[in-house]
Amino acid sequence: MTVTTLRIPTADGHADAFAAFPDHGAPHPGVLMYPDGFGIRPVLRDMACQLAAHGYYVLVPNPFHRHGPAPVIDLPEHIGEEARPAIFARLMPLIEAHTKERVLSDADAYLRFLTARPEVAAGPVAVTGYCIGGLLATRTAVAHPGRVGALAAFHAPVAADGPDSLAGLTAEVHFGHAESDLTPETLGELDKALDAAGVTCTSEIYPGTVHGFTMSDTDAFDAAALRLHWDRLLPLLGRTFAGKS
């Protein structure tokens, strides 16, 4: 496995990032992975490497690069409930400053960079994300129909832009929701919007979960839900990239 640090040219300077990909068998299908709000840290590197081990080139950018390289804020090794208020007091201004215009500008740069890598196979890529990163992934896929063949988002506010925001989405989708994040009624409304957009999609609440369930360095972590996440994500990518890895 190769893990390499990178600098991606954007309209507002260079974004720091890392990529994980197999040592052999290139070119590999490309996956753009957006981290959760806590940003790039060891758990994200581990998850990117796990995904890359299945034959993918996984690019993980620092969404908050305008405020400095990752880690943009200091984080404890384990992000417990007692630490969250102080962390979010520093983190929320960064999230609020990351406007939709900035998201889409960066997405253009990330996709250009990813698809130009010699290790990445030609054709559509996949986009995945966690927490706020799932919203960034969704916005990226909506803005790039045809270039993004698969979209996955986990414990993410994917409907934050409103139900009409999914119009034009062409990627096959999986949304894995935390039970604490939305009600069955809200899930039904989201599913109606996905149906109206004509999207091939699975959208489900992962039983017994709270927001952040994929992240093993937080109190929200749920090992069974993380396994379910892999059980949904890997077949989605397999269908998207059949015969290309």
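Author: Let's start with a term: two strands pair if DSSP finds at least two bridges between them. Keep in mind, too, that this is a predicted model.

With that in hand, take strand S7, which covers residues 172–178. On one side, S7 pairs with S6 in the parallel sense, over five bridges. You can find one of these spots by looking for Ala150, whose bridge partner in S7 is Glu172. S7 also pairs with strand S8, residues 201–206; these two run parallel and are joined by six bridges. Here, Phe175 stands opposite Ser203 in S8. So how much of S7 is covered? Mostly covered is the answer, as six of its seven residues are buried.

Now step over to S6, which spans residues 148–154 and has Phe154 in it. Phe154 forms a stacked aromatic pair with Tyr130, with 5.6 Å from centre to centre and 20 degrees between the planes. Tyr130 belongs to strand S5 (residues 125–130), so to speak a distant part of the chain, and the two partners are 24 residues apart. Across the whole structure, a search finds six aromatic pairs.

Back to S7 for the way out to the pockets. The largest pocket has a volume of about 400 Å³. Its lining has 31 residues, and the closest to the centre are His155, Ala156, Pro157, Val158 and Asp181. S7 gives two or more residues to this lining, and so do helix H2 (84–97) and helix H5 (184–196). By type, the lining divides into 19 nonpolar, eight polar and four charged residues.

The second largest pocket holds about 200 Å³ of space. It is lined by 13 residues, with Pro42, Val43, Asp46, Ser216 and Asp217 nearest its centre. Helix H1 (residues 42–52) gives the largest share of that lining, five residues.

One last thing to look for is Arg45, which lies over the face of Phe18, at 4.6 Å from the ring centre.

How values were computed. Residues are numbered from 1 along each chain as its sequence is written. This is a predicted model: local features need pLDDT of at least 70, side-chain atom pairs count only at pLDDT 80 or more; totals for chains, interfaces and linings use all residues. Side-chain values use heavy atoms; hydrogens and water are left out. On a 1 Å grid over the protein atoms alone, a cavity is a set of points where a 1.4 Å probe fits but cannot get out, and a pocket is an open set with protein on both sides within 12 Å along at least five of seven lines; lining residues have an atom within 4 Å of a point. Grid points are joined across faces, edges and corners, and a volume is the space filled by probe spheres set on the points. Helices (H or I, at least four residues) and strands (E, at least two) are DSSP runs, numbered from the N terminus. Ala, Val, Leu, Ile, Met, Phe, Trp, Tyr, Cys and Pro count as nonpolar, Asp, Glu, Lys and Arg as charged, and the others, Gly among them, as polar. Rings of Phe, Tyr and Trp (its six-membered ring) pair if their centres lie within 6.5 Å; planes under 30 degrees apart count as stacked, over 60 as edge-to-face and the rest as tilted. A charge sits over a ring if NZ of Lys or CZ of Arg is within 6 Å of the ring centre and within 35 degrees of the ring normal. Buried means under 20% relative accessible area, exposed over 50%, partly exposed in between (1.4 Å probe, protein chains only).
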